[in-house]
Every structure is written in C-alpha cells, then in structure tokens.
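This report describes the fold of one protein chain, from its overall dimensions to single residues. Please keep the sequence and the model in view while reading.

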Amino acid sequence: MYIEYGNLYKKSEKRIQKHYKELKTLDMIKNHIRQCSSFHKMKKNPISNMYGFEALKYELNGYYSFNLNRNRGVIRLILSIRDKENVAVLEYISMNHYEDFKKIRKG
C-alpha cells in the first residue's frame, strides 16, 4: 500500500519524539503498511493484530488505529483508507487513546 500524510499528522508526529519505543514502533508499522499489497491483507496480517489494528466507532467511523505500545497503551496511530487507490492516509498520532483526535475532528 502507499502512504500519504494527512494535515494533522506532522504536528502530532512532533509530540511523539520523546517516546523512543513508540517512535520505533511507528516506523515499523509504516514499513508494515508499505509491504501489504491491499487493505484486506493488512487487516488480516498477524503484525496488524499484534499492534491492535481496529476500526474506530461512532463519530470516528471510517478511521482505524494501531497501538504504538504493545501493552495496549494510549498512544495510537490514526489512519484512514482509500481502498480503491490502495492508499493508507496517516491522519494523526493520538496521545490519549484518540480522545484528542475526536476533539479535533469535532472542532
């Protein structure tokens, strides 16, 4: 899959710079996304499952997340998918279990 970066991503990426383990996991997940040939294959891949890949609910329907901490932490990569174009759009890195992303999306 191809990766694009959403408008909010770059600012949120700066906030994670002090979190070495999560930053390393972020790089690994980006490589994982690039290596998957489709959204369906990414969704079913064991690496996706290991990092808690899930569809978000309610007002965040259409977005997905990966845990950047294998211990079910609160730092998450939020992304959207343009399936027909085979593109994953990295939207935001949430520092608070995507609660901060909800606030931004509403505002």
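A residue is called buried when its relative accessible area is under 20%, exposed when it is over 50%, and partly exposed in between, with a 1.4 Å probe and protein chains only as cover. The model is predicted: local features need pLDDT of at least 70 and side-chain atom pairs count only at pLDDT 80 or more, while totals for chains, interfaces and linings use all residues. Numbering starts from 1 along each chain as its sequence is written, and side-chain values use heavy atoms, with hydrogens and water left out.

**Overall form**

The protein has 107 residues and a radius of gyration of 13 Å, which agrees with the value near 13 Å for a compact globule of that length. The radius is taken over C-alpha atoms, and the globule rule is 2.2 Å times the number of residues to the power 0.38. Along the principal axes, the C-alpha atoms fill a box of roughly 30 × 30 × 20 Å. Buried residues account for 47% of the 107 residues.

A contact means heavy atoms within 4.5 Å. Of the contacts with a separation of 6 or more, 47% are between residues 24 or more positions apart.

**The sheet**

Helices (H or I, at least four residues) and strands (E, at least two) are DSSP runs numbered from the N terminus. The protein contains 5 helices and 5 strands, in the order β-α-α-α-α-β-β-β-β-α from the N terminus. Two strands pair if DSSP finds at least two bridges between them. The 5 strands form an open sheet with mixed pairing and the order β1-β5-β4-β3-β2. β1 (2-5) and β2 (54-55) are at the edges with a single partner strand each, so one side of each has no neighbour in the sheet.

| Strand pair | Sense | Bridges |
|---|---|---|
| β2 and β3 | antiparallel | 2 bridges |
| β3 and β4 | antiparallel | 5 bridges |
| β4 and β5 | antiparallel | 7 bridges |

Ala-55 has Tyr-64 in β3 as its bridge partner. Arg-76 in β4 is the bridge partner of Asn-67, and Arg-76 also stands opposite Ser-94 in β5. In β4, 6 of the 7 residues are buried, so this strand is largely enclosed by the rest of the structure.

**Helices**

Helix α2 (residues 20-35) has 16 residues and spans 23 Å from its first C-alpha to its last, close to the expected 22 Å. That expectation is 1.5 Å times one less than the number of residues. The buried residues of α2 include Leu-23, Leu-26, Ile-29 and Ile-33.

Helix α5 (residues 99-106) lies across β3, β4 (76-82) and β5 (87-94), at about 105° to β5. Axes are lines fitted to C-alpha atoms, for helices over the stretch in contact, and angles run from 0 to 180 degrees between N-to-C directions. Asp-100, Phe-101 and Lys-102 are buried in α5, and its buried residues pack against α1 (9-15), β3, β4 and β5.

**Positive phi in two loops**

Most residues other than glycine have a negative phi. Tyr-58, which is not a glycine, has a positive phi of about 55°. Tyr-58 sits in the loop between β2 and β3 and is exposed, with a relative accessible area of 71%. Asn-86 has a positive phi of about 60° and lies in the turn of the hairpin formed by β4 and β5, which has 4 residues between the strands.
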